[in-house]
Every structure is written in structure tokens, then in C-alpha cells.
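Please keep the structure in view while reading the points grouped below.

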Amino acid sequence: LCAVGRRSRPPGFVMGSCASTPPLLSDRGVLRIIGMTSDASSSQTKAVAAMLMTAEAVSWDGDPVKTGSFTAGAASFVAAHCNTASAVLPATTPGSDGTYTQSGDLAIGCVPKAKAVSQAGFDEAGLLLDARLGAKWAETFGDSAQYVKLAAANLAATPGIRRVAWQLDEDRAPEEYADWVSLAEYKAFAGYAGSPPYVVLGARGVPLSQSELERQPWYAMTPEQLGWA
């Protein structure tokens, strides 16, 4: 586990860090997947598919199951659990009809409508993010703030998440860190008590070690440096 009680901070621990990198394979339970909506590597896609071989369900936010997306690795799992609402768990923002998630080229008619998180859960997620990321994070994200809130609300609303697999965009420019939805989720949840472990998959589809994480330019950045506080 990354932390016990309130968030622990061992020597060298920075916001969003985890003391050790979890193994590639997921435990039985729910695997949450996050990452870029285009240009995910084939190695990342294969790694997620391998993780799902031991999972009972897959959860994600918003995006269709499509080539190049962080969702592409779920394609085989989705096909094997076609329209099984207990195993295929897409989520969307309050008031959305959930059909957009069904539109990807890899969905093959097997993705259920995305379930909208509750408005109450969405609002509570915003308060939690204000506390962890800083008072200005939502302003910095603009319209994309809704997707960070969705991530936080879906994490809270989905029982049994054992791992979160983040397919990292290693080429993202520093000037684009401030409105990086996946980074905001990582900073707000990785290493906190009650949060599942985060597996950060590099472009080669291999989990980054602690030392490799620490070499990432975004890793030690504070909310103030990111323009969130």
C-alpha cells in the first residue's frame, strides 16, 4: 500500500508519488484505466490488455473504445464481456446520456451506455480537488475541469478498484502540464490513504520504477508551480 492513515510522506516523497511501483498484473477486481485519448503506443495498449486478463471489470471515464486511445487496451476485455454492465464500467458527467462512449471503432456494439455520476458526487469531487490541488485548479483547467471532477467522482463511486493504469504521454510539453487531466488525478489521489495504487506505464508499456518516475519533469512539481494554487 502507498500510505496508511492520513497520507504518509517518507523521505523523498512528493505530491502524487508512491513509495513503490506496483507490479504489472492487476489483482482480481476492477482495473481503472486513464491516459491520452490519442497516440497511446501499441505497447501501452498491450500492457493494459495483459492487466485486464486478471481483472473482473474495467472502469474508465468518457472516451469511446477506439484505436490510439487509452481505452484501446480494453477492447478484448470488452468483447469478451459484451454489454455486461457489471464488468464494463464507463462513466460520464452528470446529465450526459452516455451514448458517446459507445461510438469507438473498437466498441463493436459491446460497450454499455456510460453511467453518469451523480451531481452530488460530482460536486463533492470538486471540493476534494480544491483541497488537494489548490483553489485555482478549476480556473486553470477551464472547460476540462469537468473531466477532472468526473475522474474523482468515478473513483469514489466505483467499488473494488484495485489498480489504476495510467498510460503516460511521455512527450507532453511542459507548457501543457497545467491542464493535464491525468496528471491532476495522479496528483490528487496517488499515494493517499484509501486510493488504489497507480501503475504508470511508459511508452514501452513497462511500469516506470520509482527512480524513473522521479526523473519525470512533472513529478515533483507543486500545485503552485502548475498554476493550480
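Predicted model: local features only at pLDDT ≥ 70, side-chain atom pairs only at ≥ 80, totals over all residues.

Which residue does a disulfide join to Cys 82? The disulfide joins Cys 82 to Cys 110, with an S to S distance of 2.0 Å.

**Disulfide**

- The structure holds one disulfide, and with -90° about the S-S bond the link of Cys 82 and Cys 110 is left-handed.
- The pair links distant parts of the chain, 28 residues apart, since Cys 82 sits in the loop between helix 2 (75–80) and strand 3, while Cys 110 sits in the loop between strand 3 and strand 4.
- Cys 82 counts as partly exposed because its relative accessibility is 36%, which falls between the limits of 20% and 50%.
- Cys 110, in turn, is buried, because its relative accessible area is 5% and the buried class is defined as under 20%.

**Largest pocket**

- The largest pocket holds about 780 Å³ of space and is lined by 40 residues, of which Gly 35, Met 36, Thr 37, Phe 70 and Val 181 lie nearest its centre.
- At least two residues of this lining come from each of strand 1 (30–35), helix 5 (145–157), strand 5 (161–167) and helix 6 (181–189).
- By class, the lining of the largest pocket divides into 14 nonpolar, 16 polar and 10 charged residues.

**Second largest pocket**

- About 260 Å³ of space lies in the second largest pocket, whose lining is made up of 15 residues, with Leu 89, Pro 90, Lys 115, Asn 154 and Thr 158 lying nearest its centre.
- The elements that give two or more residues to this lining are strand 3 (88–92), strand 4 (115–116) and helix 5, and strand 3 gives the most, with four residues.
- The lining of the second largest pocket has 10 nonpolar, three polar and two charged residues.

- Six strands form an open sheet in the order 4-3-2-1-5-6, with parallel pairing.
- Strand 4 and strand 6 (198–201) are the edge strands of this sheet, each of them pairing on one side only.
- Strand 3 and strand 4 run parallel and are joined by two bridges, and Thr 92 stands opposite Ala 116 in strand 4.

Note on methods: Residues numbered from 1 in each chain as written. Heavy atoms only, no water. 1 Å grid on protein atoms, 1.4 Å probe; cavity = no way out; pocket = protein on both sides within 12 Å on 5 of 7 lines; lining within 4 Å. Points joined across faces, edges and corners; volume = space filled by probe spheres on them. Nonpolar A, V, L, I, M, F, W, Y, C, P; charged D, E, K, R; others polar. Disulfide = S-S within 2.5 Å. Buried < 20%, exposed > 50% of the residue type's maximum accessible area, 1.4 Å probe, protein only. Pairing = 2+ DSSP bridges.
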